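Please look over the sequence and the fold below before reading on. The paragraphs that follow lead from the open spaces in the protein to its strands, its core and a few single residues.

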Amino acid sequence: MGAEGDAPDCRRCGTCCFSESPRHARVTGDDYERLGDAAEAYVVFLGNEAFMRLEPIVSGLHCCAALRIDPVDGSFGCVVYERRPTVCRELERAGPACDGERWTKGERPKRTLAVLRTTS
């Protein structure tokens, strides 16, 4: 890992959008403002902190509420991509954080696609 050529295109990966922690993707005040009308649909407050809301997808797997999965072509797309939170903007493809995400949770998108393809 580590070389950009080794990392899949983000639309073919989606790994960083999966989590079991409700504190997955922090949303700052600036992020909330940038999300605009979409903020209420995609943000959850835990105490006085805001995070992107997670949704159960399949078989106990959870992903960001803004992630759209197309099981037919195997793509993952963020519906708020241009307005996404800073933490998402700063995650560089093939960077150390990306490598860590793929190392620890890389099977989650694959499992999700497999289940969605069998139930469609």
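The residues that line the largest pocket divide into 19 nonpolar, four polar and seven charged, where Ala, Val, Leu, Ile, Met, Phe, Trp, Tyr, Cys and Pro count as nonpolar, Asp, Glu, Lys and Arg as charged, and the others, Gly among them, as polar. A pocket here is found on a 1 Å grid over the protein atoms alone, as an open set of points where a 1.4 Å probe fits, with protein on both sides within 12 Å along at least five of seven lines, and its lining residues have an atom within 4 Å of a point. This is a predicted model, in which local features need pLDDT of at least 70 and side-chain atom pairs count only at pLDDT 80 or more, while totals for chains, interfaces and linings use all residues. Residues are numbered from 1 along each chain as its sequence is written, and side-chain values use heavy atoms, with hydrogens and water left out.

The largest pocket has a volume of about 720 Å³, a volume being the space filled by probe spheres set on the grid points, which are joined across faces, edges and corners. Of the 30 residues in its lining, Cys10, Cys16, Cys17, Cys88 and Leu91 are the closest to the centre of the pocket. Three elements, β7 (75-78), α3 (86-89) and α4 (96-105), each supply at least two residues of this lining; such helices (H or I, at least four residues) and strands (E, at least two) are DSSP runs, numbered from the N terminus.

The second largest pocket holds about 160 Å³ of space, and its lining consists of five nonpolar, two polar and four charged residues. Which helix gives the most to the lining of the second largest pocket? Helix α5 (residues 107-119) does, with four residues. Among the lining residues are Arg12, Cys13, Phe76, Arg102 and Glu107. Glu107, which is placed in helix α5, is partly exposed, with a relative accessible area of 49%; in this scale, buried means under 20% relative accessible area, exposed over 50%, and partly exposed in between (1.4 Å probe, protein chains only). Although Glu107 and Cys13 are 94 residues apart in sequence, their C-alpha atoms are 9.9 Å apart in space.

The strands come next. Strands of a sheet pair through backbone hydrogen bonds, either parallel or antiparallel. Three strands form an open sheet in the order β1-β3-β2, and their pairing is antiparallel, with two strands counted as paired if DSSP finds at least two bridges between them. The edge strands, β1 (26-27) and β2 (43-46), each pair on one side only. Two bridges join β1 to β3, and Val27 stands opposite Ala50 in β3. Elsewhere, strand β6 (residues 67-70) runs antiparallel to β7 and is joined to it by four bridges, with Arg68 standing opposite Gly77 in β7. The hairpin of β6 and β7 has four residues between the strands, and here Gly74 takes a positive phi near 70°.

The largest nonpolar core has 19 residues, of which Leu35, Tyr42, Val43, Met52 and Val80 touch the most other members; such a core is a set of buried Ala, Val, Leu, Ile, Met, Phe, Trp, Tyr and Cys residues joined through side-chain atoms within 4.5 Å. Two or more residues of this core come from each of α2 (39-42), β3 (49-52) and β5 (62-64). Leaving out residues up to four places away in sequence, Val43 touches residues including Val27, Leu35, Phe51 and Met52, where contact means heavy atoms within 4.5 Å. Phe51, a residue of strand β3, counts as buried at 4% relative accessibility, and among the residues that Phe51 touches, again beyond four places in sequence, are Pro22, His24, Val27 and Tyr42.

Ala7 lies in the segment before β1 and Ala94 in the loop between α3 and α4, yet the C-alpha atoms of Ala7 and Ala94, 87 residues apart along the chain, are separated by 5.3 Å. Is Ala7 buried or exposed? Ala7 is buried, with a relative accessible area of 4%, and Ala94 counts as buried at 7%. Phi of Ala94 is near 70°, a positive value in a residue other than glycine. Beyond its neighbours within four places in sequence, Ala7 is in contact with Arg93, Ala94 and Arg102. Arg102 is one of the buried residues of α4, and the buried residues of α4 pack against α5.
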